[in-house]
Amino acid sequence: MESKTSNPVPVNIYSWDESTVERILENQQYMGCTVNGKYTTVSYNVHKIIENPKEEYQIIPNTQEAIIDENVWLRVQELRKNKQRNAKIGKSSLSSGLVFCADCKPKLYFYAAKSLKQNQEFFGYANYKDGRGNTIRFIRDVVPEMIMKETVADLADFV
């Protein structure tokens with residue numbers, strides 16, 4: 001006899017999406033810690049759940065066996081801060097994730113297209129194409145590369 005359920009079983013129950021992997025990479029419990037105080041309610045009468053800032057979490061180390069070494073977990077967090085994304089054509093820059101606006105401080109993203117020559121590829125605001133950005137500011141990709149080459153050359157000369 002077939003039962004009717006309101007939640008059908010997904011076609012591929014083992015497929016992990018991006019948010020699942022992201023949640024696993026951020027979870028400190030894999031280091032053997034217990035993390036308390038992530039959520040609270042507005043009051044005992046109002047049952048709306050709100051998330052506390054990460055500074056207010058109560059982290060108790062070594063309460064269970066660690067699955068991942070603390071140094072590895074910290075390195076993953078460092079790498080995730082400087083995430084690089086490829087442009088739509090699959091190209092990436094050496095400086096992706098490391099270029100910021102000098103005036104207003106947001107991260108600048110790498111833009112490349114088949115119609116652009118290599119010296120025309122640039123870094124710009126994420127939302128400047130939408131018209132939501134303040135002003136159109138950009139820096140050509142060749143500029144950070146030249147700065148890095150000069151810095152490495154100066155350092156090599158110094159050594």
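Analyst: Let us begin with strand pairing: two strands pair if DSSP finds at least two bridges between them. In this predicted model, strand 6 (residues 122–124) and strand 7 pair over three bridges, in the antiparallel sense. Within strand 7, Arg140 is the residue opposite Phe122.

User: To which sheet do these strands belong, and in what order do the strands lie?

Analyst: They belong to an open sheet of three strands, ordered 5-6-7, whose pairing is antiparallel. Strand 5 (109–111) and strand 7 (138–140) are the edge strands, each pairing on one side only. From one strand to the next, the twist averages 30 degrees.

User: Which helix lies across strand 6 and strand 7?

Analyst: That is helix 3 (residues 142–158), which runs at about 60 degrees to strand 7.

User: How should I read the packing of two helices?

Analyst: Two packed helices are described by the angle between their axes and by the distance between the axes. Here, the axes of helix 1 (residues 18–26) and helix 2 (residues 70–81) come within 10 Å and cross at roughly 130 degrees. Helix 1 and helix 2 are therefore oblique to each other, since an angle must be over 145 degrees to count as roughly antiparallel, and 65 to 115 counts as roughly perpendicular.

User: Which residues of helix 1 and helix 2 make the contact?

Analyst: Helix 1 contributes Glu22, Leu25 and Glu26, while helix 2 contributes Trp73, Val76, Gln77 and Arg80. By class, the residues of this contact comprise three nonpolar, one polar and three charged.

User: How is burial judged, and what share of the residues counts as buried?

Analyst: A residue is buried under 20% relative accessible area and exposed over 50%. Of the 159 residues of the protein chain, 18% count as buried.

User: Let us take Asp141 as a case: where is Asp141 found, and is Asp141 buried or exposed?

Analyst: Asp141 is found in the loop between strand 7 and helix 3. Its relative accessibility is 5%, so Asp141 counts as buried. Leaving aside residues up to four places away in sequence, Asp141 touches Ser93, Phe110, Glu121, Phe122 and Phe123.

User: What can be said of Leu108, and which residues does Leu108 touch?

Analyst: Leu108 is found in the loop between helix 2 and strand 5. With 7% relative accessibility, Leu108 counts as buried. Beyond four places in sequence, Leu108 touches Val99, Phe100, Cys101, Phe123, Gly124, Tyr125 and Ile139. For Leu108 and Phe123, the sequence separation is 15 residues, whereas their C-alpha atoms are 5.4 Å apart in space.

User: Finally, what is the phi of Asn62, and is Asn62 buried or exposed?

Analyst: Asn62 has a positive phi of about 55 degrees although it is not a glycine. Asn62 is found in the loop between strand 4 (58–60) and helix 2. At a relative accessible area of 69%, Asn62 is exposed.

Technical notes. Residues numbered from 1 in each chain as written. Predicted model: local features only at pLDDT ≥ 70, side-chain atom pairs only at ≥ 80, totals over all residues. Heavy atoms only, no water. Buried < 20%, exposed > 50% of the residue type's maximum accessible area, 1.4 Å probe, protein only. Axes fitted to C-alpha atoms, helices over the stretch in contact; angles between N-to-C directions. Helix = DSSP H or I, 4+ residues; strand = E, 2+ residues; numbered from the N terminus. Parallel < 35°, antiparallel > 145°, perpendicular 65-115°, else oblique. Contact = heavy atoms within 4.5 Å. Nonpolar A, V, L, I, M, F, W, Y, C, P; charged D, E, K, R; others polar.
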